[in-house]
Amino acid sequence: AASGRPRGFAGGRRGFRGSRRGAEACRALVRLGLGAREAAGLRLGFGFRRGGKGPAVVAGRLVACSAGRGGEDRGPADQTGSGASTSENDGDPWKATQVATTSGRGNLAFSLVSVAASLGALETAYLSFSKLFAGSVLCPTTGCETILESRYSEILGVPVSVFGFLTYAGVAYLSREAVRREEYRFGVLAGTTVLASVSAFLAYVLFTQFSDETCAWCLASCFFSFSSFSLALWGSSDGDPVKTTVPPFLVSPLIVSALVVLFGDADGSFASEDFELPYKEPVVTTESTREALSLVQKMKLVDAKMYGAFWCSHCFDQKQVFGKEAMKDFPYVECFPSGFKKGIKQEAACEAADVKGFPTWVINGERIEGDQTLEDLEATVNKYLVEKRQDYAFE
């Protein structure tokens with residue numbers, strides 16, 4: 001070459017960095033985790049050892065191809081980031097190997113974060129849809145409805161699951177980008193810090209305020225958020241571990257404190273053993289239809305009852321479907337007529353009916369969980385009326 005450099009030297013346009021095949025081979029070596037010393041012994045025909053540069057040059061090239069994508073189309077300065085960093089790594093082949101290894105670790109970690117966050121987004125999307133439209137969730141354990149309908153299930157009137165879905169979805173997107181571009185990694189760490197902080201707070205509520213209940217969806221969300229946070233920390237620690245770890249653990253208490261303010265009482269009784277939610281009967285405001293009034297009368301003939309709790313939003317929605325005029329004869333059983341307090345049990349009638357979630361309908365012995373449409377309830381009631389051969393024409 002006119003410059004006196006061998007054609008295989010890192011700065012040569014037609015050497016290793018200028019060769020697409022050479023760049024691909026270099027990245028392949030990094031993915032395989034080959035150390036600089038092993039790479040130096042390979043003769044692939046792309047100028048690894050041309051000019052007798054040995055391990056140092058190979059190490060520098062390993063760093064160059066692991067530092068960013070599309071290196072084969074850039075100049076020497078663009079590929080290395082700066083001439084100083086290139087010379088430092090050229091002089092220390094083992095440091096170059098360490099950089100390649102940590103880069104691979106980061107890519108793996110953020111790929112796993114993307115998977116965990118995507119699963120969390122799917123879960124919270126289902127919970128949000130059920131909360132807003134479906135009325136009840138499928139639950140393999142007892143207690144899901146009780147917890148997911150409690151006052152801790154909403155923030156400023158918006159379901160917590162909606163905020164969870166938006167955060168999980170954002171983390172999933174950022175983590176996919178972080179595999180290719182390191183500047184996205186701070187955003188992933190920030191998002192997973194929020195997820196882990198909120199999950200830690202809600203886990204505390206779950207085990208202190210609802211110690212007798214088990215919510216599979218809540219536990220799954222905790223797993224997804226804590227896993228994402230741990231993986232994000234692991235993938236970001238290839239630089240300065242202190243700078244990576246300290247900010248999340250400083251921000252997390254602030255997030256938890258904000259949640260305490262949102263959910264707690266002014267006197268701080270939220271987290272105390274004396275926490276109590278006084279009974280307050282919701283006021284039904286809708287007008288009753290003729291169909292609703294007729295259905296209430298039919299229900300008396302088949303011993304139909306709806307078991308609920310005063311703080312359950314779906315129970316209130318069910319009452320709104322029937323209307324205020326129907327409440328006079330509505331077959332409703334309140335499971336917490338004295339209010340809710342830690343350790344308090346349901347009313348004996350609710351215990352006898354083995355109520356696990358709200359609302360729960362029991363019609364002639366048949367159990368139906370979740371709020372129902374008038375049409376579905378009438379179909380069930382009519383089925384038993386026919387069996388009893390009752391005249392169910394009401395005016």
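1. Contacts along the chain. Among contacts (heavy atoms within 4.5 Å) with a separation of 6 or more, 72% are between residues 24 or more positions apart. The model is a predicted one, in which local features need pLDDT of at least 70 and side-chain atom pairs count only at pLDDT 80 or more, while totals for chains, interfaces and linings use all residues. Residues are numbered from 1 along each chain as its sequence is written, and side-chain values use heavy atoms, with hydrogens and water left out.

2. Elements and surface. The chain holds 15 helices and eight strands; these are DSSP runs, with H or I over at least four residues for helices and E over at least two for strands, numbered from the N terminus. Of its 395 residues, 44% count as buried. Buried means under 20% relative accessible area, exposed means over 50%, and partly exposed lies in between (1.4 Å probe, protein chains only). The chain exposes about 20,400 Å², and 58% of this comes from carbon and sulfur atoms. Such areas come from the Shrake-Rupley method with a 1.4 Å probe; for residues, only the protein chains shown count as cover.

3. The largest core. A nonpolar core is a set of buried Ala, Val, Leu, Ile, Met, Phe, Trp, Tyr and Cys residues joined through side-chain atoms within 4.5 Å. The largest one has 49 residues, and Phe 322 and Phe 358 have the most contacts inside it. Elements that each supply at least two of its residues include α9 (185-209), α11 (241-263), β4 (305-308) and β7 (360-363). The largest share, five residues, comes from α15.

4. Phe 322 and the second core. Which residues does Phe 322 touch, not counting those up to four places away in sequence? Among them are Ala 292, Leu 295, Val 296, Met 299, Phe 330, Trp 361 and Leu 377. A second, separate core has 17 residues, including Ala 117, Tyr 168, Phe 224 and Leu 231.

5. A disulfide is a covalent bond between the sulfur atoms of two cysteines. Here a pair of cysteine sulfur atoms within 2.5 Å counts as one, and the total comes to two disulfides. Cys 215 is joined to Cys 218, with S to S 2.4 Å. The link of Cys 215 and Cys 218 is right-handed, with 70° about the S-S bond. Cys 215 is buried at a relative accessible area of 1%, and Cys 218 counts as buried at 18%.

6. The disulfide of Cys 335 and Cys 350. The sulfur atoms of Cys 335 and Cys 350 are 2.0 Å apart. This disulfide is left-handed because the torsion about its S-S bond is about -95°. Cys 335 sits in the loop between β5 (332-334) and β6 (340-341), and Cys 350 in helix α14 (residues 348-352), 15 residues apart. Both Cys 335 and Cys 350 are buried.

7. Other cysteines. Cys 222 is in no disulfide, and the nearest cysteine sulfur, that of Cys 218, is 7.3 Å away. Cys 222 is buried, with a relative accessible area of 11%. Cys 312 is buried as well, at 2%.

8. Backbone angles to check. Most residues other than glycine have a negative phi. Asp 303, in the loop between α12 and β4, has a positive phi of about 55°. Asp 354, in the loop between α14 and β7, has a phi near 55°, also a positive value. Asp 354 counts as partly exposed because its relative accessibility is 40%.
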